[in-house]
Amino acid sequence: MKAALIAATVLTLVCSLHKANSLGKLKVQVVLLPYVPSSTGVKVNFTLSSPQGCFSWLNIKPDIVSVKPLYLEEESGCSREAELTAQSTQPIRLSSIIIADR
């Protein structure tokens, strides 16, 4: 029964580029992350990336999903990749928007 609940409950993230052009595009526009009860100790991650460009990441709802930039060089202040982690503690469908700003 728990497996059915986990599979049926997802977190929808709409990911977009701000000031996007042909040099920087996200590989994925919509991410669905499954709900996993906190009692399991399991965190669900997804790496959002762009083959080109360097971005600052803006998270509209940090209580639903955390965004951790994966820097090649920390000093640059921008990255091509960010790790998304579901933070929700509720078995309901939630949405957030992640913006990659150049």
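These notebook entries record what I looked up in the structure above.

**Entry 1. Overall make-up**

I note at the outset that this is a predicted model. I began with the secondary structure of the protein chain, which comes to 1 helix and 7 strands. I then read the order of the elements from the N terminus on, and it is α-β-β-β-β-β-β-β. I also looked up burial: of the 102 residues of the protein chain, 35% count as buried.

**Entry 2. The nonpolar core**

Which residues touch the most other members of the largest nonpolar core? I found that this core has 14 residues, and that L33, L48, W57, L84 and I98 touch the most other members. I next looked up the elements that give two or more residues to this core, and they are β2, β6 (81-86) and β7. Of the elements, β6 gives the most to this core, with 3 residues.

**Entry 3. The disulfide**

I searched for disulfides and found that the structure holds 1. A disulfide is a covalent bond between the sulfur atoms of two cysteines. Here the cysteines are C54 and C78, with an S to S distance of 1.8 Å.

I asked which hand the disulfide of C54 and C78 has. The torsion about the S-S bond is about 100 degrees, so the disulfide is right-handed.

I then placed both cysteines along the chain. C54 lies in the loop between β3 (45-49) and β4 (56-59), and C78 lies in the loop between β5 (65-70) and β6, so the pair ties together parts that are 24 residues apart in sequence.

Is C78 buried or exposed? C78 counts as buried, because its relative accessibility is 17% and the cut-off for buried is under 20%. C54, at 31% relative accessibility, counts as partly exposed.

I turned to S79, which is found in the loop between β5 and β6. At 2% relative accessibility, S79 counts as buried.

I placed S96 in strand β7, which covers residues 94-101. S96 is buried, with a relative accessible area of 2%. What does the side chain of S96 make a polar contact with? I found the side chain of N59 as its partner, at 3.4 Å. I also recorded that a polar atom of the S96 side chain lies 3.4 Å from the backbone nitrogen of K61.

I97 lies in strand β7 as well. Its relative accessibility is 37%, and I97 therefore counts as partly exposed. On the surface, I97 forms a nonpolar patch with L58 and I60. Together these residues have about 250 Å² of accessible area.

**Entry 4. Q29 and I98**

I looked up Q29 and found it in the loop between β1 (10-18) and β2 (30-34). Q29 is partly exposed, with a relative accessible area of 43%. How many residues apart in sequence are Q29 and I98? They are 69 residues apart in sequence, and 9.7 Å apart in space from C-alpha to C-alpha. I98 is one of the residues named in the core entry above.

P34 lies in strand β2. I recorded P34 as partly exposed, with a relative accessible area of 29%. P34 and N45 are 11 residues apart in sequence, and their C-alpha atoms are 9.7 Å apart in space.

I located T40 in the loop between β2 and β3. T40 counts as partly exposed, because its relative accessibility is 42% and partly exposed runs from the 20% cut-off for buried to the 50% cut-off for exposed. Which backbone atom does the side chain of T40 reach? The side chain of T40 reaches the backbone oxygen of P37, at 2.8 Å.

Definitions and conventions
Residues are numbered from 1 along each chain as its sequence is written. This is a predicted model: local features need pLDDT of at least 70, side-chain atom pairs count only at pLDDT 80 or more; totals for chains, interfaces and linings use all residues. Side-chain values use heavy atoms; hydrogens and water are left out. Helices (H or I, at least four residues) and strands (E, at least two) are DSSP runs, numbered from the N terminus. Buried means under 20% relative accessible area, exposed over 50%, partly exposed in between (1.4 Å probe, protein chains only). A polar contact is a pair of N or O atoms within 3.5 Å; within protein, one must be able to donate a hydrogen and the other to accept it, and residues adjacent in sequence count only if both atoms are side-chain atoms. Patches are made of residues with over 30% relative accessible area and no salt bridge: like charges are joined within 9 Å, nonpolar side chains (Val, Leu, Ile, Met, Phe, Trp, Tyr) within 5 Å. Accessible areas come from the Shrake-Rupley method with a 1.4 Å probe; for residues, only the protein chains shown count as cover. A salt bridge is a side-chain nitrogen of Lys or Arg within 4 Å of a carboxyl oxygen of Asp or Glu. A nonpolar core is a set of buried Ala, Val, Leu, Ile, Met, Phe, Trp, Tyr and Cys residues joined through side-chain atoms within 4.5 Å. A disulfide is a pair of cysteine sulfur atoms within 2.5 Å.
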